[in-house]
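Got a minute to go through some surface labels and what they rest on? Take a look at this one first.

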Amino acid sequence: DEEIEGLTDKYIPRRLGPKRADKIRQLFNLSKEDDVRKYVIRREITPKEGKAPKDPNKKVTKAPKIQRLVTPKKLARWAREKRDTVVRREKAKAEAAAYAALVAKRKAETAEKRRAAISKRRASQTGAAPAKATTPAP
């Protein structure tokens with residue numbers, strides 16, 4: 001296992017650092033309260049040929065957009081989504097109760113109509129039967 005010259009004999013650092021907030025915290029051993037944006041690994045950009053830098057003394061750097069970063073905007077979004085979920089659940093519950101009341105009312109109405117029709121039928125049957133029995137046969 002000998003070193004291969006130019007390949008395994010020298011150390012080349014990684015070009016890019018971690019992008020995810022928790023990975024940056026893990027790399028620098030940060031707590032949840034520390035600002036991850038201060039610790040993100042930036043890389044220097046060399047200006048292209050023919051393009052003069054705006055400020056020759058200032059180095060131009062780029063940093064990745066940090067993913068899974070909990071910001072006040074994100075906290076507000078989570079709270080709004082939770083509120084909306086609760087409102088939707090309460091609305092659905094109220095609509096279900098109103099529908100159940102409507103179904104019960106219609107069921108009671110149909111049952112009452114049915115009872116009225118049956119009692120009317122029975123009344124017409126009991127009133128007509130004795131009248132037929134009392135008529136003399138020819």
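This is a predicted model: local features need pLDDT of at least 70, side-chain atom pairs count only at pLDDT 80 or more; totals for chains, interfaces and linings use all residues.

Residues are numbered from 1 along each chain as its sequence is written, and side-chain values use heavy atoms, leaving out hydrogens and water.

Q: Why is E5 called exposed?
A: Exposed means over 50% relative accessible area, buried under 20%, and partly exposed in between (1.4 Å probe, protein chains only). E5 has 74% relative accessibility, so E5 counts as exposed. This residue sits in the segment before α1 (21–28).

Q: What makes F28 and Y39 an aromatic pair that is tilted?
A: Rings of Phe, Tyr and Trp (its six-membered ring) pair if their centres lie within 6.5 Å; planes under 30 degrees apart are stacked, over 60 edge-to-face, and the rest tilted. The count by this rule is 1 aromatic pair. F28 and Y39 are 5.7 Å apart, centre to centre, with 40 degrees between the planes, hence tilted.

Q: Which parts does the pair tie together?
A: F28 belongs to helix α1 and Y39 to the loop between α1 and β1 (43–45), so the pair links parts 11 residues apart in sequence.

Q: Why do F28 and Y39 count as partly exposed?
A: F28 comes out at 35% relative accessibility and Y39 at 34%, so both fall between the buried and exposed cut-offs.

Notes:
Helices (H or I, at least four residues) and strands (E, at least two) are DSSP runs, numbered from the N terminus.
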